[in-house]
Amino acid sequence: MSKKLEGNGRWESSRMMLPEHREQYLSRRYGQQENVKTELPTKEDLELVRDYVLLPMILTIVDKNNTEIGFTSYSLKSLYIKASQVLMARIHADLSVVRKKMKVRNIKVFQEERVDSAIHYRFICRGYEDTFAMMRDVARAEISVRISKYVSEMFKP
């Protein structure tokens, strides 16, 4: 037998197998062994994914309201702007904490197309891959609750 066919050399000597097919074969072969090791995401992991999805939306809403208030002629405009800036700083701090926790727990989130009345995301949690969907009405209600919670925390003594 030639040296090309020994060990892993058989792949390189085969003219019938394309490199893409080799990669698929190896990923299937070794990917199945890795899937056995994967564990389901915990409740805390799913809450991190939800927070990672909702907090940027909350930031966008508060920023949009801040900009709209900036163009008005309210007498308390400066108070509203400063309060919304403090609110955005707190939300941003929470978002950075969520991102750090996700990095430590090896969780990645990818946005998918929005086809229906739900928001779809794909996430990978330590090798386990799944989708996360939230109805827009549920997201709005959750955002409203969280904004009111942030506002009430701002005015606690």
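Let's start with rings: a search of the whole structure turns up 1 aromatic pair. Select Y74 and Y80: their ring centres sit 6.5 Å apart and their planes meet at 85°, so this pair is edge-to-face. (Rings of Phe, Tyr and Trp, using its six-membered ring, pair if their centres lie within 6.5 Å; planes under 30 degrees apart are stacked, over 60 edge-to-face, and the rest tilted.)

Before moving on, note that this is a predicted model: local features need pLDDT of at least 70, side-chain atom pairs count only at pLDDT 80 or more, and totals for chains, interfaces and linings use all residues. Residues are numbered from 1 along each chain as its sequence is written, and side-chain values use heavy atoms, leaving out hydrogens and water.

Stay with the two tyrosines. Y74 counts as exposed because its relative accessibility is 51%, while Y80, at 40%, counts as partly exposed. (Buried means under 20% relative accessible area, exposed over 50%, partly exposed in between, with a 1.4 Å probe and protein chains only.)

Now click L76. You'll find it in the loop between α3 (43–70) and α4 (77–104); helices are DSSP runs of H or I with at least four residues, strands are E runs of at least two, and both are numbered from the N terminus. With 45% relative accessibility, L76 counts as partly exposed.

Last stop: select residues 107–111 (β1) and 118–125 (β2), which pair in the antiparallel sense over 5 bridges. (Strands pair if DSSP finds at least two bridges between them.) Together β1 and β2 form a hairpin, with 6 residues between them. Which residue in β2 is the bridge partner of F110? Pick R122.
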